[in-house]
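I opened this notebook to record a few local features of one protein chain. The entries follow the order in which I looked them up.

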Amino acid sequence: MSFTPEIFSANASFDSELSIAGVSAGTLIRDFGSPLFVVDEADFKSRAFSFKTALDKHFGIHAGNVYYASKAFLNKEIARWIESVGIGIDVASGGELAVALAVNFPAERIQVHGNNKSEAEIEKAVLAGVGAIVVDSFHEIERVARVAASHKKIQKVFIRVTPGIEAHTHEFIATAHEDVKFGFSLASGAAWKAIEEIESEKSLKLVGLHSHIGSQIFDAAGFGVAAERVIGLLAKFRDHYSDELPELDLGGGFGVAYLPGEESVNADAVLGELASIVTRECGNVGIRVPHISIEPGRAIAGPTTTTLYTVGTTKNIELDGGDTRRYIAVDGGFTDNMRPALYDAKYHAVLANRISTSHNVSSRIVGKHCESGDIIIREIELPEDIAPGDILAVPVTGAYGRQMASNYNHLTRPAVIAVIDGNARIIVRRETEADLLALDI
Ligand SMILES: *Cc1c(COP(=O)(O)O)cnc(C)c1O
């Protein structure tokens, strides 16, 4: 029985059972049903705030904004928390924008992303008065310009630049070109051409450059190479227009620990390194340090949330060679956590409702869907006496968990419960079969 506090949310503890912010797993399931996403509210706010503190500390007067990448985990209450800590929010669709606007999120702190924003989405953003739209294609430059002009507005825009860096987990690869659907490539000259087009549009105001190089990044080197290249483009802008762009957004992607023994990126350390790289590069090309913004999603939401499942069935399967694998089927599956199926992502789990004294056996946690790929954890050692009715807790499911959930097999998506100081409340109710049927004509 191994409770590993380092990968649970800050206010999780294990006495005779798992508790989150003072509410036990058994109580949560009894009161709200199963499965559940349980968010540690104080941890969420404190993680969001820690990025702001670190950005302000290391960039001082050059600190821009922290924009929470809402695609990681979004609902109205989370948007309110983000608002309350004083940071901004990134939205990447009309739907995400609608959530932010529904809680009166200050429009100037909303930044709009997406590689294929519809004209309707652009119009909604322009009319709301969002702080900036990050343009991603030549078609979009024309569209945003036209929409802004038609409403007699001047829209602030960033250019999403792809600097030829691919960063995933512990390594990054710097290439000349980048074969991706996002942004304007630096190497091909597309990014420069985008600058020229925007500068020629009266209804657009180019405020800066943006780059986002990937996800689950653990060291600052990849951000550093991206920053160097994009700062080169800022210098070219200065040379050509005798003016400096005031903003540089270096995106998100800060990595988090999913398994015992892994370590999450330390916001303070990585921003400290970034500050020295940015200051040095701006010095090299002789431009003022722009306002630096960042867009963490996973690193804010991921570690704050735990999924609680109830065990439904178990099965022992004899493997070739005589070993046994124990299948533990829970009442959710890849519809509430598609990262293992999508990215081969690894998770940890603990028996949450009691302490077991039985020995561990090789186990596989699976869901209840009609797909053999419906696996939450492929291989984990868990107590042999786990049985129907037990509760399993899977930590670090806040980012891209509930938010990527689907209704395959017509499962209803789990509720989201916020816990703080011994109190638990629903912030997203569980879907019902009536919700599912409501769309059918
Ligand atoms: C997804 C995304 C982020 C957040 O990425 P994380 O890995 O969750 O931090 C930030 N910026 C952009 C443009 C993104 O697409």
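**Basis.** I worked from a predicted model, in which local features need pLDDT of at least 70, side-chain atom pairs count only at pLDDT 80 or more, and totals for chains, interfaces and linings use all residues. Residues are numbered from 1 along each chain as its sequence is written, and side-chain values use heavy atoms, with hydrogens and water left out.

**Entry 1: H2 and H9.** Helix H2 (residues 41-59) packs against helix H9 (residues 267-285) at about 30 degrees, and their axes are 9 Å apart. Axes here are lines fitted to C-alpha atoms, for helices over the stretch in contact, with angles from 0 to 180 degrees between N-to-C directions. The two helices are therefore roughly parallel; angles under 35 degrees count as roughly parallel, over 145 as roughly antiparallel, 65 to 115 as roughly perpendicular and the rest as oblique. The crossing of H2 past H9 is right-handed, that is, the near helix is turned clockwise from the far one by less than a right angle. On the H2 side I listed Ser50, Phe51, Ala54, Leu55, Lys57, His58 and Phe59, which meet Ala267, Asp268, Leu271, Gly272, Leu274, Ala275 and Val278 of H9; contact means heavy atoms within 4.5 Å. The residues of this contact comprise nine nonpolar, three polar and two charged. In this division Ala, Val, Leu, Ile, Met, Phe, Trp, Tyr, Cys and Pro are nonpolar, Asp, Glu, Lys and Arg charged, and the others, Gly among them, polar.

**Entry 2: H5 and H6.** I found helix H5 (residues 119-128) packed on helix H6 (residues 138-150) at about 50 degrees, with axes 10 Å apart. That angle makes H5 oblique to H6. H5 contributes Glu119, Ile122, Glu123 and Val126, and H6 contributes Glu140, Arg143, Val144, Arg146, Val147 and Ala148. I counted five nonpolar, no polar and five charged residues in this contact.

**Entry 3: the core.** Which residues touch the most other members of the largest nonpolar core? Of its 132 residues, they are Leu18, Tyr68, Ile159 and Leu209. Such a core is a set of buried Ala, Val, Leu, Ile, Met, Phe, Trp, Tyr and Cys residues joined through side-chain atoms within 4.5 Å. Helix H8 (residues 221-241) supplies the largest share of this core, ten residues. Leaving out residues up to four places away in sequence, I noted that Leu209 touches, among others, Phe158, Ile159, Val230, Leu233 and Leu248.

**Entry 4: backbone.** Most residues other than glycine have a negative phi, and most peptide bonds are trans. I noted that the bond from Ser34 to Pro35 is cis, with omega near -5 degrees. Pro35 is in the loop between helix H1 (25-32) and strand E4 (36-40). Ala21, in the loop between strands E2 (18-20) and E3 (23-24), has a positive phi of about 50 degrees. Ala21 is buried at 11% relative accessible area (buried is under 20%, exposed over 50%, partly exposed in between; 1.4 Å probe, protein chains only). Asn409 has a positive phi of about 65 degrees and is partly exposed at 33%.

**Entry 5: Phe3.** Phe3 lies in the segment before strand E1 (12-14) and is partly exposed, at 21%. Its contacts include Phe14, Leu18 and Val350.

Note on methods: Helices (H or I, at least four residues) and strands (E, at least two) are DSSP runs, numbered from the N terminus.
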